[in-house]
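Here is a short briefing to read alongside the model. Keep the viewer open and follow the topics in turn.

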Amino acid sequence: MSRALIVVDVQNDFCEGGSLAVAGGAALAAAISSHVAAGGYDHVVATRDYHVDPGGHFSTTPDFVDSWPVHCVAGTAGASFHPELDVTAVEAVFSKGAYAAAYSGFEGASGGGEPLADWLRERGVDQVDVVGIATDHCVRATALDAASAGFATTVLLGLTAGVARATVDTALDDLRGAGVALDGSPHVG
């Protein structure tokens, strides 16, 4: 049995001061760094939004459901991991959303083009903990896909930040319904 931590989208644009900020993002980055430093994982990976031209995902009049303000553009400071997130232990980064909307880290690929599920399986991972931003969007999608792919999945809610109470509550219901274990309580902006 092997256990991995998936750190979801702890990027500058999703933290305070970013173009699509979630309250508590900077503090979350530091808390995740402390959690990683405490050990307990065989592998640590990270996902990131890394948009080149995602079409209708970007809008000057976003609906905040299917369209959003410009964020995490490839090669910009907004797409970089937050400076409070210590990435020393991160073995691989899975980028998603280059030319289309992508919420789940399982839609992403490593720099060498390897999908996240394949990377985990090649290392014998059967259990994953999921943390990051935002509980009600990319954390939700990543955890649902992890469970669907057959990984025993736990969301460490104390190491997540959500956008709004209503959408976080819906996400938690979705996760419970998919058999994802939930540990703790999320920060909601």
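**Side-chain pairs and packing**

Arg-165 and Asp-169 sit four residues apart, about one turn of the helix, and both belong to helix 4 (residues 165-177). Helices (H or I, at least four residues) and strands (E, at least two) are DSSP runs, numbered from the N terminus. Please keep in mind that this is a predicted model, in which local features need pLDDT of at least 70 and side-chain atom pairs count only at pLDDT 80 or more, while totals for chains, interfaces and linings use all residues. Residues are numbered from 1 along each chain as its sequence is written, and side-chain values use heavy atoms, with hydrogens and water left out.

**Salt bridges**

- A salt bridge here is a side-chain nitrogen of Lys or Arg within 4 Å of a carboxyl oxygen of Asp or Glu, and by this rule there are seven salt bridges.
- One of them joins the side chains of Arg-3 and Asp-129, with an N to O distance of 2.7 Å. Arg-3 lies in strand 1 (residues 3-8) and Asp-129 in strand 4 (residues 127-133), so this pair ties together parts that are 126 residues apart in sequence.
- Arg-3 is partly exposed, at 29% relative accessible area, whereas Asp-129 is buried at 6%. For these words, buried means under 20% relative accessible area, exposed over 50%, and partly exposed in between (1.4 Å probe, protein chains only).
- Arg-165 is partly exposed at 43% relative accessibility, and Asp-169 is partly exposed at 32%.
- Asp-173 and Arg-176 also form a salt bridge, their closest N and O atoms being 3.1 Å apart. These two residues are three apart in helix 4, which separates them by about one helical turn.

**Aromatic rings**

- A pair of aromatic rings is described by the distance of the centres and the angle of the planes. Rings of Phe, Tyr and Trp (its six-membered ring) pair if their centres lie within 6.5 Å; planes under 30 degrees apart count as stacked, over 60 as edge-to-face and the rest as tilted.
- The structure has three aromatic pairs. Among them is the edge-to-face pair of Phe-94 and Trp-119, at 6.1 Å centre to centre and 80 degrees between the planes.
- That pair links distant parts of the chain, with Phe-94 in strand 3 (residues 92-96) and Trp-119 in helix 2 (residues 116-122), 25 residues apart. Both Phe-94 and Trp-119 are buried.
- Phe-106 and Phe-151 have ring centres 6.2 Å apart and planes at 35 degrees, so their pair is tilted. Phe-106 lies in the loop between strand 3 and helix 2, and Phe-151 in the loop between helix 3 (135-148) and strand 5 (152-162), so the pair ties together parts 45 residues apart in sequence.
- Phe-106 and Phe-151 are both buried.

- Buried residues of helix 3 include Thr-135, Asp-136, Cys-138 and Val-139.
- After helix 3 comes Gly-150, which has a positive phi, near 100 degrees.
- Gly-124 lies in the loop between helix 2 and strand 4 and is partly exposed, with a relative accessible area of 43%.
- The C-alpha atoms of Gly-124 and Val-168 are separated by 31 Å, and these residues are 44 apart along the chain.
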